[in-house]
Amino acid sequence: MSETPPPLPPSVRILQLATAGWTSQAVSAAAELGVADVLAEGPRTATEIAAAVGAHGPTLYRLLRATSDLGLFEEREGQVFALTPVGEALRADVPGSMRNFAVWTGLPAERDTWTDLVRSVRTGEPAFERVHGQSVWDHLRDRPEAFQVFDRAMTEASRQIIAPVVAAYDFGSFETVVDVGGGRGALLAAVLAANPGVRGVLFDQPDVIAEAGRPLKEAGVADRAELVPGDFFAAVPAGGDAYLLSNIIHDWDDDASERILGRIVEVLPPGGRVLLVEALLPSGLQPLLNVKLMDLDMLLLCGGRQRTEAEFAALLARVGLRLTRVVPGGHCSVVEAVRA
């Protein structure tokens, strides 16, 4: 029987935690270089990989040996590297890929923003505009390459929550689901594919809607979906009996969230449902590090926040809604509300 290793000395554990940013950057660099895609066909030497990705051979070897210790690759004799199951998720062309998400975490838009965390903690204000001179949305709009990485990263992240949410919540009782801020339409496509009797409306900003809808076509449900451009701070489409917002409210502080939800209340029919897909913070002392760190990321990027069930209930109540239940769906839950 193997013995449990002794706990690390506190100083060593602090060293691990304080240098975690190095780990993130190394993973991001490997993702951006496309190392996993090169290794998809089999093991190769560091020199061969460097030639394929356009990198300096000896320096790429240093990156590969470090990321091998992280479990992304397997280092063999002769500076040969092979892809591991974890590293597979850094390939661009596989289901469950998180390559763009890993790249995003290494871009200045994300990485540099975290350098101002102390000031945000002291002031309660987001850091992005202080660091970059404009809001995150304007910054991405003015930098198409960064926006493309961000957009693909958010698509990859959303894929991790879609199947569990669609399986957990019964969307089949609705006639029309309006996906508010639904992006390209991946979640709505999954909802409609799983519920043949339901129609959908994909609602987002005009520039998003102009390039949206491909997931609906690929799922064979485009004939049951309407694409509508607009601004959810101004108005949302009427005619739905369910209004779905997936990881939208966490982008905003309470005042802005109330404005968005208020627009929905204006068109919500009797018996209609508001469905918020969100990663909830625990109400007690339970550890849930990924959501708690996401909460800080939302603060820094845009002044948003993750919320507990009680905080959602209070937020909804202020706009005339009543939280009826929370349906767990993997990483995220569906927070359901009706008119109070």
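# Burial and charge pairing in a predicted model

Visitor: At 0% relative accessibility, does Ser257 count as buried or exposed?

Guide: This is a predicted model, in which local features need pLDDT of at least 70 and side-chain atom pairs count only at pLDDT 80 or more, while totals for chains, interfaces and linings use all residues. Residues are numbered from 1 along each chain as its sequence is written, and side-chain values rest on heavy atoms, with hydrogens and water left out. Burial is judged by relative accessible area (under 20% is buried, over 50% exposed, and in between partly exposed, with a 1.4 Å probe and protein chains only). With a relative accessibility of 0%, Ser257 therefore counts as buried.

Visitor: Which residue has its backbone oxygen 3.4 Å from a polar atom of the side chain of Ser257?

Guide: Ser257 belongs to helix α16, residues 254-267, where helices (H or I, at least four residues) and strands (E, at least two) are DSSP runs numbered from the N terminus. Not counting residues up to four places away in sequence, Ser257 touches Ile249, Trp252, Arg307 and Leu315, contact being heavy atoms within 4.5 Å. A polar contact is a pair of N or O atoms within 3.5 Å, where within protein one must be able to donate a hydrogen and the other to accept it, and residues adjacent in sequence count only if both atoms are side-chain atoms. The backbone oxygen at 3.4 Å is that of Trp252.

Visitor: Which residues are linked with Arg307 in a network of salt bridges?

Guide: Side chains of opposite charge can pair when their charged atoms come close. The rule used here takes a salt bridge to be a side-chain nitrogen of Lys or Arg within 4 Å of a carboxyl oxygen of Asp or Glu, and by this rule the count comes to 19. The network that holds Arg307 also links Asp254, Glu258 and Arg318.

Visitor: How many residues apart are Arg273 and Glu336, a pair that links distant parts of the chain?

Guide: Arg273 and Glu336 form a salt bridge at 3.8 Å, N to O. The pair joins strand β8 (residues 273-278), which holds Arg273, to strand β10 (residues 332-339), which holds Glu336. Arg273 counts as partly exposed at 26% relative accessibility, whereas Glu336 counts as buried at 6%.

Visitor: Arg224 is buried yet has no salt bridge, so what is its nearest side chain of opposite charge?

Guide: Arg224 is found in the loop between α15 (214-218) and β6 (225-229), and its side chain has a polar atom 3.3 Å from the backbone oxygen of Pro196 and one 2.6 Å from that of Val198. Leaving aside neighbours within four places in sequence, its contacts include Leu192, Asn195 and Gly200. In assigning charge, Lys and Arg count as positive and Asp and Glu as negative, while His and the chain ends are not counted. At 4.7 Å, the nearest side chain of opposite charge is Asp223.

Visitor: How many of the eight residues of helix α7 are buried?

Guide: The buried residues of α7 are Arg99, Asn100, Ala102, Val103, Trp104 and Gly106. What covers them includes α2 (20-33), α3 (35-39), α8 (108-111), α11 (136-141) and α12 (144-168). Helix α7 (residues 99-106) is thus mostly covered, the buried count being six.

Visitor: What is the radius of gyration of the protein chain?

Guide: The secondary structure of the chain comes to 18 helices and ten strands. The radius of gyration is taken over C-alpha atoms, and the globule rule is 2.2 Å times the number of residues to the power 0.38. That rule gives 20 Å for 340 residues, so the chain is as compact as a globular protein of that length, with a close radius of gyration of 22 Å.
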